[in-house]
Amino acid sequence: MVEFRQIIRNEEILDPNWIPSKILHRERELREIKESIKPLFDGRRAANLFIYGRTGVGKTACVKYILKEIKEKSDVAAIYVNCWENPKQHSIFLEIARQIGRIFPSKGVRSDDVQEVILNYLLDRKSVLVFDEIDKSEKQDFLYPIAQNLMKNSCIILITNYKEFILSLDERVLSRLMLQNLEFKDYEYEEVFNILKERVRLALSPRVMSKKAFERIVLEAYKAMDIRVGLSLILNSARIAEFELSNQIKEEHVEKALEKLSIKKEPKLSEQEELVYRIIKEKKEIWAKDLYDMFVERGGSVGERSFRNYLRKLEKYGLIEILGEKRRKIRLR
Ligand SMILES: Nc1ncnc2c1ncn2[C@@H]1O[C@H](COP(=O)(O)OP(=O)(O)OP(=O)(O)O)[C@@H](O)[C@H]1O
Ligand SMILES: [Mg+2]
């Protein structure tokens, strides 16, 4: 009899809120965050940051990783507020108060009083204050007293998906904060591969994930440009495999997990890639040479080399197949 192997070893590691002890492929971003905070430790002014990038590209993970380090290694107050969970000024202040150990009842307290307690506490302390999902806060007025009073000894970090959000901030706040931009760019395919590989290694028993199943998961996460999609597929396909008493996660388990995935996302294509893809969708099958001619005819404006790169990307996304070596034929998948 085949011995049944447990597939999931530590489910918690596949939770998107789990903070990895090793952040991969974000060396530059981590360095920039650290550099902007560093002056605080030397009694100088820190640079404040405006962090933006698409969903699931590691913004929260990187910042939380650094806050954890600050908490462990220094007496700088490290405060993290998620403005989606706390959209009102009042709840933002209550949350900051809670994190500095001043617990107020959730009702019957004046916002001004909470604000005063917070400011008094932070005025003569060094602090890093992070406001994640800042665009989800109802108003950003709460930033004004913070920027006004705590500029000398705090570092303020705002995080959002939208680069343009900065334009909607009050000028008085902007001129006090002097935010520096930090963009989190999309991951490359290999980066998604490595990040998910590490999670699989930590969360699952050894050798339970088949190569095909894993590659499929990476592809789906890459197409969606969201590591969370990958984590969810790893967890759900592992559960399905366990339920079916399989020893291994196979591609069919990933297929089933995919059907259940609530956030289905279309891959993000550039305008030019979209144009190439539309022609292939129309023709179903076409010689590469003819495709290129049609592409140029319809306003495509690149050399053959970039064109080949577009095809390679569409192939990587699993949208098309490239057949043959010299005279290549392109087929819709
Ligand atoms: N470079 C990385 N190394 C390890 N894990 C990562 C990395 N990037 C993202 N992750 C993991 O992917 C998941 C999503 O990342 P995170 O929550 O940081 O995304 P985000 O950019 O804050 O997205 P959102 O804009 O939706 O809040 C988390 O579980 C995180 O640990
Ligand atoms: Mg986040």
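1. Domain bounds here come from an automatic or database domain assignment. On that basis the chain divides into domain 1 (11-16 + 187-260), domain 2 (27-184) and domain 3 (271-332).

2. A word on the basis of these notes. This is a predicted model, in which local features need pLDDT of at least 70 and side-chain atom pairs count only at pLDDT 80 or more, while totals for chains, interfaces and linings use all residues. Residues are numbered from 1 along each chain as its sequence is written, and side-chain values use heavy atoms, with hydrogens and water left out.

3. Have a look at the interface of domain 1 and domain 3. Their C-alpha centres lie 30 Å apart, and five residues of domain 1 are in contact with four of domain 3, contact meaning heavy atoms within 4.5 Å. The buried area is about 430 Å², with 63% given by carbon and sulfur atoms; this is the accessible area (1.4 Å probe) that two parts lose on being put together, summed over both. L219, Y222 and K223 supply 77% of what domain 1 buries against domain 3, more than any other three residues.

4. On the side of domain 1 that touches domain 3, helix 7 (189-203) and helix 8 (211-224) each supply at least two residues. Helix 8 gives the most, with three residues. Helices (H or I, at least four residues) are DSSP runs, numbered from the N terminus.

5. The largest nonpolar core has 81 residues, and I33, V128, I157, L196 and L204 touch the most other members. Helix 9 (residues 227-243) provides the largest share of this core, nine residues. Apart from it lies another core, of 34 residues, including V81, I118, I146 and L169. Such a core is a set of buried Ala, Val, Leu, Ile, Met, Phe, Trp, Tyr and Cys residues joined through side-chain atoms within 4.5 Å.

6. L196 deserves a glance on screen. Leaving aside neighbours within four places in sequence, L196 is in contact with F214, I217, V218, A221, I227, G230, L231 and I234.

7. Lastly, R26 is found in the segment before helix 1 (27-37). R26 counts as buried because its relative accessibility is 3%, where buried means under 20% relative accessible area (1.4 Å probe, protein chains only). Not counting residues up to four places away in sequence, R26 touches V57, C62, F184, K185 and Y187.

Key: Chains are lettered from A and ligands numbered from 1 in the order in which they are written. Buried means under 20% relative accessible area, exposed over 50%, partly exposed in between (1.4 Å probe, protein chains only).
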